Amino acid sequence: MLYAILCYDREDVTGAWSQEQEAVVMARLHAVEDKLANAGRLGPVARLLPTTAATTVRKGGDQLVIDGPFAETKEQLLGFFIIDCASLDQAIETAKELGRANGGEGAYELRPLLAYQPGTVRDLIVADSFSE
Amino acid sequence: MTDLAWIDAALTSSRPQAVGALLRWFRDLDTAEEAFQDACLRALRNWPLKGPPRDPAAWLIMVGRNAAIDQKRKGARQEPLPDEQLISNLEDAEADAAERLDGAGYRDDVLRLLFICCHPDLPATQQIPLALRVVSGLSVSQIARAFLVGEAAMEQRITRAKARIASAGVAFETPGPIERAERLGTVAAMIYLVFNEGYSAAGARRAARAPLCDEAIRLARLLLRLFQTEPEIMGLAALMLLQHARTPARFDALGAVVLLEDQDRRLWNGRMITEGLALIDKAMRHLQPGAYQVQAAIAALHVRAARAEDTDWTQIDRLYATLERFQPSPVVTLNRAVAVSKVRGPAEALAMIEPLGERLAGYFHFFGLKGALLDQLGRPEEARVCYDRAIALAATPAEAAHIRQHLDRLSGA
């Protein structure tokens, strides 16, 4: 089953990381991702810009457009992994492994996928490539 | 990441909120800073053992407040408050404090803290160090290094600034909407000053001042989290991100200036560009243009061009015309003339800047541009006079070296 592993953390804290701290965390996460990729279990991975870059569109009615994230919370949704897991236990194991690599506080929310489309984005341009 | 690294980041990111709240309680900057310092020391002892609290800022505020009250009571009445070991177990108390902090009060606390650093009685040379010390928590020695002064001199400068604030008095009542907007504008200007202290540095100062750019961007993000719907704050953050993104390409290996059109665009920081473009897009939806948004839009046009020759100079010319209305200044007109020279040729650009000669008589870039325009118009003798003047006015060896290249080429021709 495919699981979305949603990463929540305090963006003000992760935003105060030094470049060295950031590099250490990313290198450790990449190592876990590599392992998952080699096992054929790694789907798309995304890291989101801070919620200050977010815009929220309300459905229905006037379809209000609001600056900022959908919910004001202490921890913010900072990114996600899509990972193939044989069981919930394996998903929990994987999240724990990511958590050890990332350190710090925050939480991972594990959400089994109901539907999945790999997408058709061409000439993908994002600031950071995860494949490197 | 190690626990200590996380704690360090948590203390840094909690600082504006915590010191801001403590300042509201104690109404004295030194007491607030000492209380925060005290709380940080306790956090370093306590968090590695008991695990960090869910809301570090709320914990630091409570512990800092108790420590300071305790300090004040010492000698008078020995009645110690519960220590932080107990407090971090009081989940309810922490949640309660966090709840209160999430209200509008917290927003005004941070804004007040930033605002007192831009007190009109303080010259910029004191505002910036004070903000870096009080809000960002940089050490005095770090700040002294950035400003190329001794540590003792910087300590004195900060102490003097604090004394001036204390004697001027600070408004602690919750500001009304108009006053809040004014504070926001003043604070935004101060943050951009911090950024420019870092961005305009060259040569040996560059390494020491580079952290100022990152710090200014962090402060702008902080402000934007508090005022999510302010297009000018989005514009300010975007402007700084888009400018700072070009930093890795702005100087060559020898430290000489590399002009925008000659920069290796692959060196630009993609992450900052992405965030900057996202923010300027958001800002422009509001249809409330301002000086930061216009400047960010100009910076966005530069980074959107894959090659220098792809730059949309027509649009940049238009944006500078808008900026001239928001922020009339000979320097803005000078910048516009660069765009005009690309769109309508050097003659028109020269005609545009010639009236500025008197006001920009001491400005390096005026003579650099005027020399270049005369050069393009095939008037080498007059160009040479301008280039000579520019070299005399150069603030850094890198600036002078850049102009000398033009002179050498003229001599060779």
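How many helices and strands are there in chain B? The predicted model has 20 helices and zero strands in this chain.

Figure 1. The C-alpha trace of chain B spans about 85 × 45 × 45 Å along its principal axes. Chain B has 413 residues, and 43% of them count as buried. Among contacts in chain B with a separation of 6 or more, 61% are accounted for by residues 24 or more positions apart. The domain assignment divides the chain into domain 1 (3-102), domain 2 (105-214), domain 3 (229-311) and domain 4 (317-413).

**Figure 2. Close-up of the contact between domain 1 and domain 2 of chain B.** In the domain assignment, domain 1 of chain B covers 3-102 and domain 2 covers 105-214. Domain 1 contributes 15 residues to the contact, and domain 2 contributes 11 residues. On the domain 1 side, helix H1 (3-26), helix H2 (29-50) and helix H5 (91-102) of chain B are the elements that give two or more residues. The largest share of this side comes from H1(B), with nine residues. By residue class, the side of domain 1 that touches domain 2 comprises six nonpolar, three polar and six charged residues.

**Figure 3. Close-up of the contact between chain B and chain A.** Here 24 residues of chain B are in contact with 21 residues of chain A. At least two residues of the chain B side are supplied by each of H1, helix H11 (204-226) and helix H13 (270-284) of chain B. H13(B) gives the most to this side, with eight residues. The side of chain B that touches chain A divides into 10 nonpolar, six polar and eight charged residues.

**Figure 4. Close-up of helix H16 (residues 330-344) of chain B.** This helix has 15 residues, and the distance from its first C-alpha to its last is 20 Å, close to the 21 Å expected at 1.5 Å a residue. The buried residues of H16(B) are B:Thr333, B:Leu334, B:Arg336, B:Ala337, B:Val338, B:Ala339, B:Val340 and B:Ser341. The elements that cover these buried residues include helix H15 (313-326), helix H17 (346-353) and helix H18 (364-376) of chain B. B:Gly345 follows H16(B) and has a positive phi, near 95°.

Notes: Residues numbered from 1 in each chain as written. Chains lettered and ligands numbered in written order. Predicted model: local features only at pLDDT ≥ 70, side-chain atom pairs only at ≥ 80, totals over all residues. Domains from an automatic or database assignment. Contact = placed C-beta atoms within 7 Å. Helix = DSSP H or I, 4+ residues; strand = E, 2+ residues; numbered from the N terminus. Nonpolar A, V, L, I, M, F, W, Y, C, P; charged D, E, K, R; others polar. Buried ≥ 20, exposed ≤ 12 C-beta atoms within 10 Å, placed from the backbone. Expected span 1.5 Å × (residues − 1).
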